[in-house]
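Q: Could you walk me through this structure, starting with how the helices pack?

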Number of protein chains: 2
Amino acid sequence: MTQPLLRVLQGETLDKPPVWFMRQAGRFLPEYRAIRAKASFEDLLRDSDLAAEVTLQPIRRFPAIDGAIIFSDILVILDALGCGVTIPEGGPRLARTLDQLDPDIELNERIFDPVQDAIRKVKAQLPEHVTMLGFAGAPWTLLAYGLEGKGSKTWARAKAFLHQEPAMARKWMDRLADASARLLNLHIGAGAQGVQLFDTWAGELDPADYRAFALPAVTRTLEQVHGAPRLFFARSGYLPQELADLPCEGLAVPWQMPMAEARQRFSASKVLQGNLDPIALLAGKETATKKARAIVDAMKGAPHIFNLGHGLVPETDPDVLQAVIDEVKK
Amino acid sequence: MTQPLLRVLQGETLDKPPVWFMRQAGRFLPEYRAIRAKASFEDLLRDSDLAAEVTLQPIRRFPAIDGAIIFSDILVILDALGCGVTIPEGGPRLARTLDQLDPDIELNERIFDPVQDAIRKVKAQLPEHVTMLGFAGAPWTLLAYGLEGKGSKTWARAKAFLHQEPAMARKWMDRLADASARLLNLHIGAGAQGVQLFDTWAGELDPADYRAFALPAVTRTLEQVHGAPRLFFARSGYLPQELADLPCEGLAVPWQMPMAEARQRFSASKVLQGNLDPIALLAGKETATKKARAIVDAMKGAPHIFNLGHGLVPETDPDVLQAVIDEVKK
């Protein structure tokens, strides 16, 4: 029997939508924090047993979850390009920014070995109904981190680079697109049955620049990915209509957009995923389940994967998440 | 002769759009920093001579600017309600949050005296073509600060309050709406010829909650303001269509939305203002003027006030701002 998440990604409408949560393998779970008390974030990236374990934790705790997203980080691609990425508590730090590197540099694919091993290990233990998901960062998001060298409030350096060095910017965007596609294909080769491309900083670019620089690279990434359905997540309050034409099966909708409007604008060509505000989970079971129900109702009759509209935050009470799962599966 | 900014707010289309900049009275100017070296932010709020001076600084430096927005802070309303607001470098801090106060508490209008005096002092020195602008914070933004007691990454407490204490939330939203309207009317009484209501945290509420809780309070504010045209700024990537029906003359468009789309959606009923990304100014004259030109072109033939789509950042080079003004006025 095909898994519910895959059936929906193939365009089927189910009475009870499949469900998974962005950042479900993470800090909101006490069992994750117990592992992190003994191992750093980088340890988890390098050790496929630990990565497999934290990937499986939410699957064990919430048996009704339909997707297992592999534990990893979008910045592994920058690490494989030679940026020297570390991820301390305060956020990622790069030893070298992309403008100090040659865009023709070879990708050190050994960096991707642990995540492939972890996918294989998770798959061996995954309940039959659960779909294995891989992921990667989108080119603009990687370029933004890669040029700033860390998180930024304004991303001013990365945004300026697109205009001050347009040829180099395009070269890097192509390089990053190819690297993202390569990583997603490696995930699929190791057993991922679906993949999501994360454009975390999509909302930081003005729409003209997003169209001119970021979207062509997203297209270039997605059209090179084969063998599994593709989801794209642009984290942005404003979603350009061109998302409807991307070479992917699904769109992850940010929480800022009413799901009914996303349906109207995109569901003719895309399966929609989302889009509960993760902060609504902090308001308690009653509010969270009411909002989850409204999202499910807005998508009734169309293929829909229930999820958040951004990642789970560490303060989330697992019991509230369980209540939301119960509501969606009611 | 009527001022260009007022003519446009009355619905007229000008060949060269009037221009002003959110946060033009602020940290990007060396002459402002010189004053702040000797006086705190709170000193400026309490001293009408200093407030008038920093309001006039950008007008002197950029003679082609068409609007002078009075130096003040959106949180003066929370101060007048008894929250005990201080504004150190790290961001605002409240001694008491709104849930510790009674929503029937009287507004201490003495707090608003300096800003009214400052408006009078600025007006006495303002070149004839420059329009005096007042402003206030919108109810949801004030409630968010008022409940959190400071800035927040998630605004979880304020967002939860709307659902956990809906009756009290509505009572406070009404109270804040009335206070905002009162302050804007005091600004107008002192000489403001136009006012802008800032909903800085509009984008933090999901659209359902923004519609249910925030928009009715915005309407309540705006419909009580008399004697000057009203602009409304919802800082949010997603703009609900209901903004078209607000009782105000103009909408300030955030930089996340293409101006052409804002025109299509809102210009039948609203004068549009905006919407250059302030970070584009950090990319240098060529990029900034090119983007400014695209915005002006997108609004050609419709009433348009050129502005940013969010406030100026401290790193802005005044020469780049001058180049943008020159481009818009070309």
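A: Bearing in mind that this is a predicted model, one place to begin is chain A, where helix H9(A) passes H10(A) in a right-handed crossing.

Q: What angle do the axes of H9(A) and H10(A) cross at?
A: The axes of helix H9 (residues 166-190) of chain A and H10(A) cross at roughly 30 degrees and come within 8 Å. An angle under 35 degrees counts as roughly parallel, and H9(A) and H10(A) are therefore roughly parallel to each other.

Q: And which residues of H9(A) and H10(A) meet there?
A: From H9(A) there are Ala169(A), Met173(A), Asp174(A), Leu176(A), Ala177(A), Ser180(A) and Ala181(A), which meet Phe213(A), Ala217(A), Arg220(A) and Thr221(A) of H10(A).

Q: How many bridges join S1(B) and S4?
A: S1(B) pairs with strand S4 (residues 131-137) of chain B over three bridges, in the parallel sense, and Gly67(B) stands opposite Thr131(B) in S4(B).

Q: Last one: how many residues does each chain give to the contact?
A: Chain A gives 25 residues and chain B gives 25 residues. On the side of chain A that touches chain B, the largest share, five residues, comes from H8(A).

Notes
Residues are numbered from 1 along each chain as its sequence is written. Chains are lettered from A and ligands numbered from 1 in the order in which they are written. This is a predicted model: local features need pLDDT of at least 70, side-chain atom pairs count only at pLDDT 80 or more; totals for chains, interfaces and linings use all residues. Two residues are in contact if their C-beta atoms, placed from the backbone, lie within 7 Å. Helices (H or I, at least four residues) and strands (E, at least two) are DSSP runs, numbered from the N terminus. Axes are lines fitted to C-alpha atoms, for helices over the stretch in contact, and angles run from 0 to 180 degrees between N-to-C directions. Angles under 35 degrees count as roughly parallel, over 145 as roughly antiparallel, 65 to 115 as roughly perpendicular and the rest as oblique. A crossing is left-handed if the near helix is turned anticlockwise from the far one by less than a right angle, and right-handed if clockwise. Two strands pair if DSSP finds at least two bridges between them.
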